[in-house]
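Good morning, and thank you for the time.

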Amino acid sequence: MADALLSIVLERLASVVEQQIRDELALVLGVEAEIQSLTDTLRSVRDVLEDAERRQVKEKSVQGWLERLKDMAYQMDDVVNEWSTVILKLQIEGAENASMSTKKVSSCIPSPCFCLKQVTSRRDIALKIKSIKQQLHVIASERTGFNFVSSRSEERLQRLITTSAIDISEVCGRDVDKGTILGHLLGKNCQQKSGLYIVSIVGTGSMDKTTLAQLAYSHTEVKAHFDERIWVCVSDPFEPIRVCRAIVEALQKKPCNLHDLEAVQQEIQTCIAGQKFLLVLDDVCTEDYRLWEQLKNTINCGASRSRVLATTRNESVVMMMRTAYKHPLGELSPEQSWALFHQIAFFEKSREKVEELKAIGEKIADKCKGLPLAIKTSGNLMRLKNNKEDWENILNSEVWQLDEFERDISPALLLSYYDLPPAIKRCISFCAVFPKDSVIEIDKLIKLWMAQNYLNSNASREMEMVGREYFEYLAARSFFQDFEKDGDDNIIRCKMHDIVHSFAQFLTKNECCIMNEEGRTKTSFQKIRHATLIGQQRHPNFVSTYKMKNLRTLLLEFAVVSSIDEALPNLFQHLTCLRVLDLARNLSRKELPKAIEKLIHLKYLNLSHCHELRELPEAICDLYNLPTLNIRGCDSLVQLPQAMGKLINLRHLQNFLTILLKGLPKGISRLNSLQTLEKFTVSSDGHNECNIGDLGNLSNLRGELEIRGLQNVENAREAREANLKNKIHIHHLTLVFDPQEGTNYVVGAPRSYSTNLLPEVKKGPKSVVEALQPHPNLKSLCIRGYGDTEWPGWMMRSSLTQLKNLELSCCSDCLCMPPLGELPVLETLEIKGVERVKHIGGEFLRSSSIAFPKLKKLTFRNMKEWEKWEVIEEEKRLIMSCLSYLGIHKCPKLEGLPDRVLQRTPLQELIITKSGILQQRTNNRILERMDKKYLISQ
C-alpha cells in the first residue's frame, strides 16, 4: 500500500513539474532542488517497501514506520494536487480571458488582487514542500536501522484470465452437504413439526457456508417449491428494523419507504400471510433472543412447510434460534481439497505441465487445511504461474507459518495479495470502505479508484479501461465473487467474501473506517482517510466526522432517507482533502452551499436521487479536478451552472431522469474528455444552451445516450453536425421527439413508464432522423415520437448489424413497418403506438432466407388500426427460429396471427390482452396446446 502511494506521488510530481515547464508558468520558484532531492529520497525508500510490507505482519516497529511513511505520502499527494490545481486555474482563467475579444488588452495585465493570490500560493506550496522534505528525510534515515532488503521490481500485469472460465460455485466439494440441506428445505429428510422450521448451517470462517446456502437457494426444486424466496444478510449488529426492511424490499422488489418497526412488520405479514416461504438469514451473529424474537414473531404467519435457513459461525446462535436441524460444516477432505485445487490451478495447462507440477500442487493444496476459500485463492494464484520455480517459491513461503492469519485470514490470501502488482494492491485494500456483504457496482468502483489516482493510464489506454482490467485481474484471483452480468456477459455487480473483506480491513485498519452516526471508532480521527457512515437517524450527528481532517472518501449508507442539510457547510469547511463525496438520497435542501468550492481535490461527487435539489451553485464549476458528477434522478433540478465548461477534467456526467432539465449549458460542448452523458436535451434556447450540433464536439462519448427535444432541430444540416455516425462507442441510443406542451406524456420517465402513453408530437422531418444515423456498432435503439410517414433510409437498409434490442414507440404517423427481418442479431423487438399501420406483411420480413434469425421476444402494443398480419408461405425461408415470447396488447382490430408464427416457431409464451377480435378467434385454437404457456386475458 505504501509502495502504491509513493508511486502515485512520484508520478504526480513529475507530471506537475513537466506541466509547469511546458506552460512556462513560474508558479513555484526556487524549489527545483527541493523537488529533485525529494524525488531521490522517495525512490530510495520505495526500493525497500516490498520487504517492509512483508515484515510488518510480524514486526510492530516496521508497521509503525510504514504508517508514518504513508501519512507523509498522503501529505505529499495533497500538496502536489494543490500545486496542479493552481496551474489548472491559471490555464482556465487565461483561456477565458483570451476568448473575450472585447478585453484583449486588459486581460494581459493581471489585477493586483490576482497577483497577490498568486504570490501567496507560490509561498504556501514552497513552504509545504520544504517541510515535507525535512520530515521525509527523518523517516528515510530510520530505514537503515531495519536492514531492509532492496528488491524493487517493475509493475507488469500477467495475462488476464476471464472470470467466467471456471464456475467455482459448482465445484466447491459440497455435494453431500447440498443434498442434505435440500432434503430438509423440501421436507424430504424431516417430518413437519408445528411452528417455524429452522435449518442452521454452522462453521468457522471461509467454510463456504454462504456458498452452500446460495446453491440451495438457487436450486430448481427450491424455486418451484416455495411461493416466496427471501435472502437477507444479517451480520453484526442484528438490527430488527434493518432486517425487516430488507425482507420487505426482497418481497416487493423495490425500496421500502417505511421507517417504523411495527409498520414494517405489518407489511411483512401482509406479504407472506398464507404463503410458503424460504427465508435465508446469512451470517447471524447475535445471541440475544429478544432481537431474534421480534423477527420470528413477524414471520410466523406463513404457510406450513415454510423454512428459515440460517448461516452462522457460532453454536450459541444455533441454540438461541431453537434450530430444528443443525448442519455442521467442516473442512473439505484431502481428496475434495485436491480435486478443487486441481480443477482451478491446472485449468488450460497441458498434460506434461500437470505431471511436472502435480506433486508440488498436492503439497500446496494440503497447506490450505481443507478451507474452500484458501483452496480457491491458491488455485487461482497458481493458475497464472507456469514455472516450476514459482510453484516451489509459493510452497516454501514463510507466510504459511504466520500465526496471525490462522483463525480468520488464510495465508493463501496473503500470498495472493503479495503476488499482486502495487497498483492493484491499493485497489483491493480500498474496498475495506464498503460495509460487509455490500453489493458493489463495478462502474462506481472503478470511478472511486480513479478518484484516488489508483489507475495507471497513458495515451493508449483510458483510465476506465485500466480499472476494468484491474477488477478482472482481482476477480480472477477470487478477491470478488457473486457476479451479476449484463447481456454482453460483462460483470456489473459483485460482492466480497467476508474473509476477503476482513483481510482488506486488516490491510487498512487505521485508514478505512465504517461507523455509525455517533462516530464511535478506536482509530485516531486524524488517521482515517476513507469512511462510510451508516445509521438509522433522519438527522445524523456529524460532529465526529468534522474531526477527520484528512478524510479522502466519505460515503453515506443510511437505512432511512436522511437529511444532512445543516451539516453540509461545516462538512465542506472541515473536510477539504475529500476526493470522494457520496450524498445520494440524503439531501432535502434545494441547493448546495457555495462552500463546496473549498473541496478543490474533489474527484467524485454523487448527488443522485436528491429529489429536492433544484440547482447547483456556480461555485461547483471551480472544482477543476472533478471527473465524475452524478445527478441521476434529481427530478427537481431545473438548470445546470452556466460555467460548466470550466470543468475540463469532467469525464462522466450521469444525468438520466433529470426530468425538469430542459437544456445543457453551452460550455458542455467544450468538455473534450466527456465519456458519459446519459441525456442530451436539444434546447429551444440555442444561444445559452446546447443545440444538436454541439454533440459533434463530444467525440469520446460512449455507453448510453438519450437525445431529447429533437422537435427543436431546425434542419438536417444541423443534425448532421452531431456526427452520430462516427461515435463508435455509443452502444445504446434513444432518440425522442418530445410532446407538445400540455400533453400527458411524462418527459424523461423510464421507458417502461412512458411507452403506453400516446401524446401528440411535433412532426419531425424524415431528413433530421436520416442525418442522425448511428454507427453500425449500436446494440440497442429506441425511437419515440417520430412524426413522419416514412422511416429513415438507414432503417430501411438494415445497416445496424450489431443491433440486439429495438423499440419503436409513439411513431403514430408511420404507415408501414420497416424491413427489420434482416437484422442478424436482433433479440428483442417492441413496437408500440404505431397507430396508422393497418397491415404487416412481407415488407416486415423482407426477402431474406432467414427472417429474424435471433429474435427471442416480440411485443406489439397500442396498434389501434392494425387489422392483418400476414406471412407469405415460402418453403425455403425460416422465420423467427428462436422466438420464445410474443405479446399482443391493445390491438383491438387485429384479426388473427400467422400460422407460421404459431406453428413453426419455438414459441413458449403468448400473451394477448385488450385485443377483442384476436382473443375471440384464437382462444379455442391454441389453449389446447398445454405444453406451452398462453395467457389470453379478456
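The model is a predicted one, in which local features need pLDDT of at least 70 and side-chain atom pairs count only at pLDDT 80 or more, while totals for chains, interfaces and linings use all residues. Residues are numbered from 1 along each chain as its sequence is written, and side-chain values use heavy atoms, with hydrogens and water left out.

Let me begin with the whole chain. Of its 938 residues, 54% are buried, where buried means under 20% relative accessible area, exposed means over 50%, and partly exposed lies in between, with a 1.4 Å probe and protein chains only. The chain exposes about 40400 Å², and carbon and sulfur atoms supply 47% of that area; the method is Shrake-Rupley with a 1.4 Å probe, and for residues only the protein chains shown count as cover. Among contacts with a separation of 6 or more, 69% come from residues 24 or more positions apart, a contact being heavy atoms within 4.5 Å.

Next, confidence. The predictor's confidence in each residue is pLDDT, on a scale from 0 to 100. Its mean over the protein chain is 82, and 82% of the residues reach 70 or more. Over residues 154-167 pLDDT stays under 50, and the model has 36 contacts beyond four places in sequence for them. Residues 741-764 also stay under 50, with 59 such contacts.

I turn to the interior. A nonpolar core here is a set of buried Ala, Val, Leu, Ile, Met, Phe, Trp, Tyr and Cys residues joined through side-chain atoms within 4.5 Å. The largest has 121 residues, and L629, I707, F860 and W869 have the most contacts inside it. Leaving aside residues up to four places away in sequence, I707 touches several residues, including F680, I692, L724 and V736. A second, separate core has 93 residues, among them L278, L395, Y417 and L420.

Strand β8 (residues 491-495) is joined to β6 by 2 bridges, and R493 in β8 is the bridge partner of E441.

How many disulfides are there? The count is 0, a disulfide being a pair of cysteine sulfur atoms within 2.5 Å. The cysteine sulfur closest to that of C256 belongs to C271, and at 9.4 Å it is too far for a bond. C256 is buried, at 5% relative accessible area. For C301, the nearest cysteine sulfur is again that of C271, 9.6 Å away, and C301 is partly exposed at 31%.

Finally, two loop residues. Most residues other than glycine have a negative phi. C810, however, has a positive phi near 60°; this residue is in the loop between β21 (805-809) and β22 (828-832) and is buried at 4% relative accessible area. N862 has a positive phi of about 55°, lies in the loop between β25 (857-861) and β26 (868-869), and is buried, with a relative accessible area of 4%.

Conventions. Two strands pair if DSSP finds at least two bridges between them. Helices (H or I, at least four residues) and strands (E, at least two) are DSSP runs, numbered from the N terminus.
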